[in-house]
Each structure stands twice: as C-alpha cells, then as structure tokens.
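Hi,

Here is the structure I promised to send over.

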Amino acid sequence: MMKSSTIRTFQTVHTWTGLLAGFALFVAFFAGALTVFHHDIATWQNPPWRSQPARDMPVQTMIDRLLQAHPKAGAYFGIVLSPPGSAQGPYAYWNDGEEHFATPDRLEQATADEDAPTRSHLADFVYALHDSLGIPVVGLYLMGIVSVIYGLALVSGLLIHLPQLLGDLFALRPGRNLKRLWQDAHNAIGVLSLPFHIVFAVTGALMCLFVPLFASLNLVAFDGKLNEAFAKAIATAPTVEAAGRAAPTLPADVLIARAKAAALATGVSTFEPDYIHFTHYGDANALVQVRGVSERTLGTYGTIALHGVTGEVLEEHVGATHTTNGLVNSSIYALHFGNFGGRAVQWLYFLLGLAGAFLFYSGNLLWIESRRKRRHAEQPGKTWVMARATVGICIGTCLGIAAAFAATAAADMLGTDPAVPMRAACYGSVAFAVAYACLRPVARAAVELLAITAIAYVAVALLDLARNAATWSQPWTPASTAVLGVDIAGIALGIGFAWLARASWRRATHGDVFSVWTHARQVRAEA
Amino acid sequence: MIARCLAGTVLGFPLSAMLLALCLFWLPGHGQDWLIPVLLLFFPLWVGVMAGSYMFRSGTRAWAVLAAANAAVFALLWLSRHLAGT
C-alpha cells in the first residue's frame, strides 16, 4: 500500500503535467482522431470527379521527366506514389547531396521543402496540427516534449488511482455529485484505454524527438556508433556499388507488380505499394526498393528489394519475413497510425482518439471543480482563467478544424489555392474562440461556442453533400464512399457538439450556482 | 519537488541511455539484432526514473543517488567495453 504522502506527491505531479501538456494533447488527439482518415479527407478535398487530371502522371513518365530535368538524380531518388482511389498526386524525392521534392508539374522547379508538394492539402494540414500544432520544426520538438510530459502524467495518474483502481474501475456514479461522475469517467477512460495511451506517449515522443534523441544518445552512451548500427538495423536492401556500365532499368510498373507478387507470396493478405526507390538508376547494378502497406500484420510497412535490371528479388522485409528490428520499427508506425486492420481499426482509433481528447478536457474540468468554492458566489481567479482557456482553446480547436474544411471547399469553388485560407480560417477561429471565451461570461461562451461548432460541422457536411449531389446518383466508387464517410462523420460530430451544447446549457441554468459554470452570476453568497 | 523533478529529468536521461547501452552490449552480437526494441524502451525508462525520483526524501538526496547511479553505470559500461577490447 502506498503512503498517503506519496499519493499526494503524485497528485501534484499529475496536476502539473496535466496543466503543462493538456491543451497541446487535446489538439493532438482531436486532430489525430481525424488524421486516421487522412486518405479519405484528401479524397473529400479533391474527389476524382472534380480533380484536375493534369496532376496525375504514370510513374515511369514521371521518372523519365525527372531524369531528363535532373540527370544527377538517378543515383538516389524515389517516387511517393499516389494513394489508390485518392486524387492526391504522386511526387518525387531525390538527393544529390541536397534533398529535393517536386510534384509532376513542377519537376523543373524542385524545392528543398519537404512539405511543399502537399502544402495545399487539407489532410496534411490536419496532420500538421496533430503532430506539431501546425508550427514548422519547433512545433514538432514541442510536441515531443509534450509526449514525455504525457508519459509522466500517465504514470502519476495510474499511481494515484492504483489503490482503489479495481474497485472503482467500472463505477460510473451519476447523481448529485457531478465531480464524482466526471472523476469516474476520467479514470475509466484513462485506465481502460491505457495501452493505447502508452503507445502514443512512447511512439509520439520517438517520432517527434528522433533527431535530437539520436544525437544525444550517440554522445552520452554509444561512442558515436549508434548511427551505423541503426542504419544496419533498419536496412531493407543490400548495399551495392554502381558497376559503371549502363543497363536499362526495368519499367516501374513491372518492378512494382513483381514486388507486389513477391510480397503476397510471403503470406501477407495485402500489399499496397506507396513508395518506389531507386539507387544507381540505369546502371548494371541498379537497386530498387518498393515499400508497401500490408493489413492484418503489425509489420504494416514492408519493403521488397529488387535488382533493377533483372527484376530478381534480393531481400524481403514483409509481414513474417521482417527481422526483429524491422518488425518493431514497422509496428511503431502501425500502432501509431492504426493502419493495420482496415476500417474497423480505423474507427476504433477514431473513437479512442476522441476519448483521449475528452480525457484532457475532463482533466481541466476536474482541476476547476476541485478548486471550486462551495456556497460562495465568488470563485477563485485561477479557475476563471482555466475555464476561459479550456473553452477557448479546446472548443476553438474543434471549430477551427471545421473552419479549415469550410475554407478549403470555398477556395476550391473559387478556384484559388487553399493553403493560406485553410490556415487562416483555422487559426482565426481558435483566436476568435479564445477572445469570445474571455469577453463573454464563460458559461454562456461555452454553450454558444459549442452551438457554433455544431452548426459549422453540420453545415460543411451538408454543403458538401449538396455540392456532390450529381455523384450520388452515379454508380458508387470507393472514392464516393470515402467522401460520404467524411460528411457523415462531420454530421455525427456536429450532433455530438449540439448535445454537449445542450448539456452545458442545462448545467448553466439548472446546476449548482456556486460555480464558474452557471448563468446565475447575480446570485450572491448571502442568498 | 522541483529539485527532485529536475534531478530525475536531467540525470535520468544519461542513466537511461547508459543502461540501454549496457543492456545492448551484453546481448549476443552486442544487441545488433535487438537494437530497435531496446531503444524503444528509452522513453519508458526515462519517464520511470523521473517518476521514481519523487520517492526520494529530498532533492539533494535525489541528485546524490542518481549521480552515484550514473557513475556506477558509466563505470560498468566503460569496464565492459574495456575488457571486451573494443
């Protein structure tokens, strides 16, 4: 049994970690829940029946054009393939001493900016909000630190509740004591989805802090030998030197088909190629790696290495043929992105992601509730600040994402690039919500912002359904199902926000008046 | 509180890193085949040390014990490498 002083210490740790990381984690989880449907959002923005066909280009044509424009690229380059059924085009990556990225129509004017080919994509913006709050470079490191603090919050939270964990786990006590109900919900979600949260704390920290972490580990404990060992551990192809003799590399389609056949022969149920990489293109020793995604295995990302001239399979790293290193490396991504089990796992991750957002939101509410002064109309100043910040930032983020969807659709209808409008709409909405929560009585601000958010989600979805009206009478394709799915999820979220608005309104009008969450500010302590 | 937190964060980092390096060193083939699963343990270990540091009676004690642990693991790592001749 733990001493009560120890429990109090970890309570303080839990409170502080929650304060430091809670808001950023709310954004990460809400945007992350949507990011599960990354490809579907990309299709929603740009469905095949509306997209410009110029953007797409056969892989081999793209390779030929790339090598024509940049002959030196042949030594080391790859093509990120267009996801099946989506209108997101392919793009090229090459490294001739510097990294370059280019979309098919801009092969001549490549950029050194990794994000440039997808900057106008709504799905990538939602992803950027998720992994870095949309702030380049610094945001990623910030979220890495947040992930570490999140880990400490999980450990301390678990330790606090360990003593009465089993007894209270399935207790959800509705009734007059609302704090108890919130606490029960917070604990139940925290404990029951603990494995999911541990996965995110660990993989999130690794993904965000990979570069600085490796540099420091190398310095502190590995005598500078870590890079070499790591490169060896994740290698998916033999190291080959250029022969110096020219020989035609097989066409990309043939190589992709051969890799797919080889991958399926290892026993995985699917293998969707998403990236093809060439080393020494056009040389007698050309090496090709085809990366693909397999479902129903934790080694989702697999790679087949082929000889570029003969098409012979050199190495297989797919499903059961992964090494321990390869399998763990691949499962870090699989467990984080939830792409290992088709639609069912995607929906599960979506719901767990929303539940995670609720965990941080309810944590803030509990912080306010445990500092509430009973039988006093005057509430502590810090609880007002926390209430305004929670309403402004959390509901503002939800509103901001709906606004980004709306701005993307509007920019598309006007024929302009959505990159700036969607960012302006999103950050503008968050700023609006924060200002609104500071200027209005906070209980009213909560109800009104939730109502505005509910209307925004439903309106965007209905407008999109109407906009694609002609499509619903055509034979359905996977793309139309994806678009419909996004719209229906939007309507469902809208209904959810409306329900929350109603619950907040009931709380404000009928609930305890000695709280920041009441409309009845005029009720004085002496009443 | 702050002192214990800092001790766990600052000294927990090299301690966790060196413990993993030691673990890899003693695995067959210096752990090359287990590199990624072992490195995956870094954040859980570091956070574990941070959480554990709150159990110390005082900040000074936390700094002292963790510094001693760092020195011990560093010595073990250095000895292992030295004796193995690498």
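What pLDDT does chain B average? The average is 92, and 98% of the residues in chain B score at least 70 (pLDDT is the predictor's confidence in each residue, from 0 to 100). Within chain B, helix 3 (residues 42-53) has the highest confidence at 95, and helix 2 (residues 35-40) the lowest at a mean of 92. Helices here are DSSP runs of H or I with at least four residues, strands are E runs of at least two, and both are numbered from the N terminus. For the model, ipTM is 0.94 and pTM 0.91.

Some housekeeping: this is a predicted model, where local features need pLDDT of at least 70 and side-chain atom pairs count only at pLDDT 80 or more, while totals for chains, interfaces and linings use all residues. Residues are numbered from 1 along each chain as its sequence is written, chains are lettered from A in the order in which they are written, and side-chain values use heavy atoms, without hydrogens and water.

Now the cores. A nonpolar core is a set of buried Ala, Val, Leu, Ile, Met, Phe, Trp, Tyr and Cys residues joined through side-chain atoms within 4.5 Å, with buried meaning under 20% relative accessible area (1.4 Å probe, protein chains only). The largest has 77 residues, and Phe30(A), Phe405(A) and Trp517(A) touch the most other members. Helix 13 (residues 381-414) of chain A supplies the largest share of this core, 13 residues. Apart from it lies another core, of 47 residues, including Phe230(A) and Phe42(B).

Cheers

Notes
Buried < 20%, exposed > 50% of the residue type's maximum accessible area, 1.4 Å probe, protein only.
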